[in-house]
Amino acid sequence: MEPLLDATDIQGHVFPGFGTSHSVVIALQLRAPAEGRAALGHLLPEVTTMADSLHLKGSRREAAVAGLPRPMQQIPLLALSIAATALRAWGHDTSGFDLSFHMGMRADAASLGDPIGQDSIPVDWTFETSEDDRVDVLLIAGHSERVPLEQAVERWLSMLAPHWTPVLIEYGRRRAGDKEFFGFKDGISQPAMRGVTPGGEFVSRRVIAAEDPRSELFAKPGQLLIWPGSFLFGYPCQTSSLTQPGAKMPPPVPWMRNGSYLVFRRLLQNVRVFREAVTKMEQHLMEQGENVPEGWVSAHLVGRWPDGTPLTASPENADPDISDDQNRINNFRFFASLSPTPLAGGGDPPETIPAVPPDPLGFGCPRASHIRQVNPRDGISEIGQEHHSGKLMLRRGIAFGPEEEEMSDADRGLLFLSYQTSIVEQFKFVQVNWANATQRPTGDGADPIIGQNGTLDNERRIQLFSPSRRQQRCPLDGRWVVATGGGYFVVPSIGGLRHLLHVDEESPS
Amino acid sequence: MKYLPPGRIDDFARSSIANHLEEAWHERVKEQIDQYRDLARFLDPLDADDTAAREVIPWTGFPRIYDAWLNIDKNPDLVERARRMNRAHRSAEILNGFTYVKFGDRFFQVPADPTNGWMLIPEIDGEPSFQDAFSLVERPQDEYLEWFVVRDPVTNRITRIDFTAEAPEYWETLAEGDPDLAQELYSELLGFNVPKEDLFFQHDVLCPELVRVSGRLQIVGHVRLTGYEAGQYNRWNKWNTERGAVHLTQRNNTLFAEINLAARATQRFAIRPDLGANVDRFALTACGGYGALNRNSDPTIGQSVNTLALSGFQVMVSNPIGLYIGNIDVSGFRDPDGNAVERDEILTVHRGTFEDEDGLARVLRFSVHPPAGADYGLESCAIDRHPLSTGGPVARQTTVVIHGIATPASGDNPLAECAARACAHPTKDPQYFLAIDPDADCPANDDERWMEAPVTLAPDESRMTAVRGAPRTSGERMG
């Protein structure tokens, strides 16, 4: 039995996310603790619940099925999260919380691979560098249209002034084809949270025929079902047996039940530097006598073709039959093959999606590629494949910055946002132990997209099989993803926020 | 081409008989390699050229068996998990005393026990000298990474934790070829003068011979233990066990175990991956009958090698064959004030390198220590909140690797039957396994085979009751 999720209490950005065309992230600094707390409480009625978000998602799907345009929203969606500094300002002891949350992201910056200056401040950070630009609260909001979103931001800021001042206001949007600035479709591979709504429906739709044993493991083919304790406090944890629920994830304090931790990183993407590194790697391979098709290198650094087609499923080229099919775009493993998967839906014979061969050695999808480094699926790692699923996070990335010519150094990139119940064991583990490490989860090099080693030149090498299937070690120097700041936050439930912000006397049970 | 010393370490060059030592090591490895040449997917690493594919096979250096038995993932509560991990760290530093016994026509390594005479007996002047009965000790750290906590004898502060992945067989070759060089290296690595005679057995060694009488084991005599004659190197000498760590000691932590495991894992076994997300590395290990089931290392090595072999490659570990430290992450280190410290100030690599001539990591030995001039010991520092009063927190952040090498294969790889199957303990998380006969049923949840701890455990600190003052019998009551 999957647990009943408290959909009217859990914040809707944690799950299922906003999925809006326009988004904004607002980092705020607390100026007056008591007055600021009261002012923030006034935003509480506007915070979006999981039930609201699920409803909106459902109506979008209905419109899509009917061939109608995405419905326009009436009101903005809002998520509210709070840093340890604010909790301490309000008299809370944060030492029993996740260690990274308690210490703050700046204390973790060196571990995360951000270059650190002589004053111990990350050299690229533009906020959260000192008390002057400290971030105490993060608001994330979304709307189908930009103008009403701007109006809402203006209204919220005036409600919060002068007790809160903005440190960062960053608007973002869904780009064409959901592509990030390097040109790859993003946000494809999300874990599917287990659990049911009060109406008895799974919160993650299941599409595999019930008689196939994979229906116990996956929502869509290849999309692993994860027990909600990985993302929400008070629910069963993920275990190595996958199908069996673990013990309930205990909240660090009672008001964090139905809550989560949020990681925010503002990541610049320097498209010019990335393209130059790709060109250099192409040249290196050609000097080794390789015939390198256009787009081959960048796709092999990512692990997918730009349209999202996984290299494991289609090693030679992008395949719209795969990338346009939500049931195929994630249907691959690295270690073991997948036989044809029958889908639910009552067809006779049932509709079936094709088999996918394995790729343990990385002939198709290099072991060092981004998607294998941050999610080894069933492949090899130093911690053992049975523990991989416990590292997954709910990611809510938002593209920001101008649409300019390819080679400019524009200030643009991705607002990385992830939800998890352990920053240390999930976000930080994946960034430090896998993305930044040259010997883990495999020994073929650091993550070519987000891996960094704390230096400004970020010199590294990756090993991969070339188009002629010879193993090549290639230089891959430069920094094309640069963190300019960020933070760790708690994301209490509606009830938790009510308690925390003293909105009424009632405390959560 | 010769089989090189692990990590291309150049100890032999310091000897007046360098060529002899190089040859002796080459022959010793070759003798092992030759045993596996009949396996269809086995590759002699000397036959591989630059076009061979390489695969780094990584695992975590802290013994998985403690985490499994102590159920560290069972309770997600951070405090409880930290408490169990701390107990695992303390447990992993309890030395195992052992001896050998002969039973039937085989020798067994068993826990030493003076009360029933299960001890080793030196033969002095042609006679067993029972009054000099002794046992050997090994560290229980079984992921091919072992460590020793060095304390200042005056202040008792921890001045250093030494970590090693060096093979005992290499040191045996070196010490038996050039005992003076062995003494020199021991003294350099440990930082004080080690008496040469301590490194070698001074007398031939006898062990008890057992028979079963009325269901009970009885000693019927003592027999000579081959390989433990006077003058032979004692890999469990006190300077490598109770007083320091120069190379690996745990019974399974040997280079030739690694060769054996990698070679046997090249076979095609009669086991199929399930439809689920996992191709179970433990099930494969049990089926293959190689390695220890509850380690992180052996199942990972076996699965990696097996995948390469099933993907159409001849596979082995590349020359120089060795167990290596591939990565050490001390970014979570905090000094007593909670401040991070530069990696170079607290971490020293003594043997091997992270960037060998072929670009691969081949570190053999490193230490973690306080920065030069610090007025504190490691016991007041922490890694990821775990106190460095033990080496466990560092071992958790250490990745041990072997370097696989593969060339395209042709021909059939015959199917090998499963030797056993893995049964998972009903409640442990991470999972704890028993290997049983492939056709037998797994033990019931209340079976006694699940009850006995496979390792010696340190006391559970939460069960130690604090009392106000000392008991009456041993002193005055404190106010």
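Mentor: Two strands are said to pair if DSSP finds at least two bridges between them. Please keep in mind that the model before us is predicted.

Trainee: How many bridges join strand E12 of chain B to strand E19 of chain B, and in which direction do the two run?

Mentor: E12(B) is linked to E19(B), residues 398-408, by 5 bridges, and the two strands run antiparallel. Within this pairing, B:Gln314 lies opposite B:Thr407 of E19(B).

Trainee: Are the faces of E12(B) covered or open?

Mentor: Both faces are covered. On one side B:Phe313, B:Val315 and B:Val317 are buried, and on the other B:Gln314 and B:Met316 are buried as well. For the strand, which comprises residues 313-317, this gives 5 buried residues of 5.

Trainee: What span does helix H7 of chain A reach, and what is expected?

Mentor: H7(A), residues 271-287, has 17 residues and reaches 24 Å from its first C-alpha to its last, close to the 24 Å expected at 1.5 Å a residue. Its buried residues include A:Phe274, A:Met281 and A:Leu285. Among the elements that cover the buried residues of H7(A) are strand E7 (260-269) and helix H8 (296-302) of chain A.

Trainee: What is found at the start of H7(A), and what just after the helix?

Mentor: At the start, a side-chain oxygen of A:Asn270 comes to within 3.1 Å of the backbone nitrogen of A:Arg272. Just after the helix, A:Gly289 takes a positive phi of about 85°.

Trainee: Finally, why is B:Asn71 classed as buried?

Mentor: The cut-off is under 20% relative accessible area. B:Asn71 is buried because its relative accessible area is 13%. This residue belongs to the loop between helices H2 (64-69) and H3 (78-91) of chain B, and its side chain reaches the backbone nitrogen of B:Asp429 at 2.8 Å. Residues that B:Asn71 touches include B:Arg84 and B:Thr427.

Definitions and conventions
Residues are numbered from 1 along each chain as its sequence is written. Chains are lettered from A and ligands numbered from 1 in the order in which they are written. This is a predicted model: local features need pLDDT of at least 70, side-chain atom pairs count only at pLDDT 80 or more; totals for chains, interfaces and linings use all residues. Side-chain values use heavy atoms; hydrogens and water are left out. Buried means under 20% relative accessible area, exposed over 50%, partly exposed in between (1.4 Å probe, protein chains only). Helices (H or I, at least four residues) and strands (E, at least two) are DSSP runs, numbered from the N terminus. A polar contact is a pair of N or O atoms within 3.5 Å; within protein, one must be able to donate a hydrogen and the other to accept it, and residues adjacent in sequence count only if both atoms are side-chain atoms. Contact means heavy atoms within 4.5 Å. The expected span of a helix is 1.5 Å times one less than its number of residues. Lists of a residue's contacts leave out its neighbours within four places in sequence.
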